[in-house]
Amino acid sequence: MKSPSETEGNAWRAASPTSASAGQLAPSDAQALDNVHLQAVDLRSLRGFAQDDLATALPAFQRQAGEILARGAGFSREVRFAGAHADWLDVCRKSLTATNAREFFSTAFVALHVSGGERPEGLFTGYFEPEVAGSRQQSTEFPVAVYRRPEDLVAFTQAEEAQTGLKYGRRLNGSPKPYFSRSEIENGALHGQKLEICWLESWVEAFFVHIQGSGRVRFADGTTIRLSYAAKSGLPYTGIGGVLVERGDMRREALSMQGLKTWMAQYPQQARELMWLNRSFVFFREILVPDETLGAVGAAQVNLTPGRSLAVDRSLWTFGTPMWIETSYPPEAARPKTQINRLMIAQDTGSAIKGLVRGDFYWGWGDEAALIAGHMKSAGRMHALLPHAVAKRLGLRFGQMS
């Protein structure tokens with residue numbers, strides 16, 4: 001959750017976001033990128049900007065700002081359009097005392113329309129936090145375990161990664177080996193290690209908690225715990241929906257979370273074998289829920305905000321980057337207004353979220369969130385808001401055009 005290749009001589013034309021005059025926005029040679037176009041725009045002129053309730057977006061950014069100031073989440077790796085940690089500090093500090101969200105976002109950032117050569121528009125999908133019934137004890141009603149991260153799951157060195165082609169795995173007699181697959185774990189590979197957090201009713205429910213990367217588990221006594229992503233096994237992810245389409249078992253236009261669940265209910269044994277084709281396995285941690293209005297903790301180490309948090313390609317965009325998104329609800333959502341024009345904050349990532357104009361909306365939890373997220377596969381446009389210091393560091397410069 002492919003970065004563009006580097007080349008020389010790309011020119012990015014734009015109108016300056018801070019003045020009415022036209023200008024040219026050009027990268028330095030070191031930052032010139034093939035098939036990437038960043039066109040500066042006046043954020044206030046974007047469709048729907050005046051109507052968006054930015055007061056609900058500002059707290060999401062403020063939570064990320066606090067994390068950036070305290071620990072710098074997202075700056076421990078190379079990210080194409082991140083700039084340096086220091087480039088974000090002033091913007092983050094200002095956000096914590098901002099009282100006018102519209103003025104803050106309009107003045108603190110350079111707004112850039114983002115497009116790439118791979119497609120004229122980007123793709124936006126959705127995810128949510130499943131709510132499932134569970135138990136602290138295994139039983140015939142609740143037979144499926146949710147696991148903590150095992151101690152023998154390790155990050156490989158560069159040499160080990162080159163040898164195995166994997167970033168994570170285990171070491172056996174000092175040699176790097178792939179970690180256990182989904183089928184191996186579900187058939188007892190971790191038995192006896194006391195890694196179980198809780199138990200769920202079905203393999204299908206557990207599988208979709210893995211796909212979403214988080215979930216809420218309701219116990220019979222009325223209490224609820226939250227499962228938050230802790231690690232994955234390192235084996236490659238396989239989208240089982242695509243497998244069904246390739247086999248001819250499902251039409252591509254019918255592919256959705258709801259469609260997958262319906263097929264699995266009809267063919268339970270085939271469904272189990274299908275899920276095993278996705279060898280990747282997710283481990284969780286149990287966390288407290290201090291604020292029921294907030295979602296799970298995302299990869300950016302802050303609680304996600306329903307309808308405001310976005311998962312992005314982490315190799316391109318750093319956590320905390322505000323993104324203006326123009327897309328649409330899926331028809332199944334049956335919304336009176338189908339268009340989505342809103343400011344989102346990059347606060348998560350995922351193995352399936354790859355590409356320049358690619359985003360995954362976090363919709364929260366509950367039936368409506370599941371309906372929207374399960375069906376959302378919408379084309380759309382994206383604008384990235386970068387701090388002025390980041391634009392300067394990346395070699396973007398404004399100049400008068402004749």
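Biologist: pLDDT is the predictor's confidence in each residue, from 0 to 100. What average pLDDT does the protein reach?

Modeller: The structure is a predicted model. Of the residues, 88% score at least 70, and the protein averages a pLDDT of 86.

Biologist: How many residues does the largest nonpolar core have?

Modeller: In soluble globular proteins, nonpolar side chains tend to be buried together. Phe61, Phe105, Phe109, Trp317, Phe361 and Trp363 have the most contacts inside the largest nonpolar core, and its residue count is 77.

Biologist: Which residues of helix α1 are buried, and against which elements do they pack?

Modeller: Helix α1 covers residues 58-70, and its 13 residues reach 18 Å from first to last C-alpha, close to the 18 Å expected. Just after α1, Gly72 takes a positive phi of about 70°. The buried residues in α1 are Leu58, Ala60, Phe61, Gln64, Ala65, Glu67 and Ile68. They pack against α2, α3, β4, β16 and β17.

Biologist: How many salt bridges are counted, and which residues are linked in a network?

Modeller: Side chains of opposite charge can pair when their charged atoms come close. The count of salt bridges comes to 16. Those linked in a network are Arg47, Glu326 and Arg381.

Biologist: Are Arg226 and Glu129 buried or exposed?

Modeller: The side chains of Arg226 and Glu129 form a salt bridge with an N to O distance of 2.8 Å. Arg226 belongs to strand β13 and Glu129 to strand β5, so the pair ties together parts that are 97 residues apart in sequence. Buried means under 20% relative accessible area. With Arg226 at 1% and Glu129 at 0%, both residues are buried.

Biologist: How many residues apart are Glu286 and Arg136?

Modeller: A salt bridge joins the side chains of Glu286 and Arg136 at 2.8 Å, N to O. Glu286 is partly exposed at 37% relative accessible area, and Arg136 is partly exposed at 37%. Glu286 is in strand β14 and Arg136 in the loop between β6 and β7, a separation of 150 residues.

Biologist: Which helices hold Glu186 and Arg272?

Modeller: The side chains of Glu186 and Arg272 meet in a salt bridge of 3.3 Å, N to O. Glu186 counts as buried at 16% relative accessibility, and Arg272 counts as buried at 16%. The pair links parts of the chain 86 residues apart, with Glu186 in helix α5 and Arg272 in helix α9.

Methods:
Residues are numbered from 1 along each chain as its sequence is written. This is a predicted model: local features need pLDDT of at least 70, side-chain atom pairs count only at pLDDT 80 or more; totals for chains, interfaces and linings use all residues. Side-chain values use heavy atoms; hydrogens and water are left out. A nonpolar core is a set of buried Ala, Val, Leu, Ile, Met, Phe, Trp, Tyr and Cys residues joined through side-chain atoms within 4.5 Å. Buried means under 20% relative accessible area, exposed over 50%, partly exposed in between (1.4 Å probe, protein chains only). A salt bridge is a side-chain nitrogen of Lys or Arg within 4 Å of a carboxyl oxygen of Asp or Glu. Helices (H or I, at least four residues) and strands (E, at least two) are DSSP runs, numbered from the N terminus. The expected span of a helix is 1.5 Å times one less than its number of residues. Contact means heavy atoms within 4.5 Å.
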